Amino acid sequence: MNGMVDSFNVSVAAGILMHHAVCDRTSRLGRHGDLTEEEQQILLAEFSLRHSKSALIIAHEYAKQKAAMPFSKL
C-alpha cells in the first residue's frame, strides 16, 4: 500500500468498543458491573470451586459443615 493508511483490525475495533461501553456504564451506574457484593462473592466461589483440583473435597466439607449447623427459627 502506498501512502498512509488509517485502519483498525477487528480485534482493535472490538477493544475500543468495549472500552467505551465500560466507560459509559461506569458513568451511568457509578460502578463497572451490575452484580451485588453477594452475587460477586458467589460467582468467585463458584469459579474457584470449578477450577480447583480439590473442589470436590471442598464441596463435601462445606456440605458436612452446613448439615451440622442447627436450623434457625425465623
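Before reading off the pattern, I note that helices here are DSSP runs of H or I with at least four residues, and strands are runs of E with at least two. On that basis the protein reads α-α-α along the sequence, with three helices and zero strands.

Confidence next, as this is a predicted model. I find an average pLDDT of 79 for the protein, and 81% of the residues score at least 70. Confidence is highest in H1, at 88, and lowest in helix H3 (residues 55-68), at a mean of 80.

Then I checked the geometry of H1. Its 20 residues (residues 10-29) should span 28 Å at 1.5 Å a residue, and the end C-alpha atoms are 28 Å apart, so the two agree. Just after H1, I see Gly30 with a positive phi of about 85°.

How much of the protein is buried? Buried residues are 1% of the 74 residues. The protein exposes about 7,400 Å², and carbon and sulfur atoms supply 64% of that.

Last, the charged pairs: I count two salt bridges in the structure.

Asp24 is partly exposed at 39% relative accessible area, while Arg28 counts as exposed at 58%.

The other salt bridge joins the side chains of Lys64 and Glu61 at 3.2 Å, N to O. Both lie in helix H3, three residues apart, about one turn of the helix. Lys64 is exposed at 53% relative accessibility, and Glu61 is partly exposed at 37%.

Key
Residues numbered from 1 in each chain as written. Heavy atoms only, no water. Expected span 1.5 Å × (residues − 1). Buried < 20%, exposed > 50% of the residue type's maximum accessible area, 1.4 Å probe, protein only. Areas by Shrake-Rupley, 256 points an atom, 1.4 Å probe, with all protein chains shown as cover. pLDDT = per-residue confidence, 0-100. Salt bridge = Lys/Arg side-chain N within 4 Å of Asp/Glu carboxyl O.
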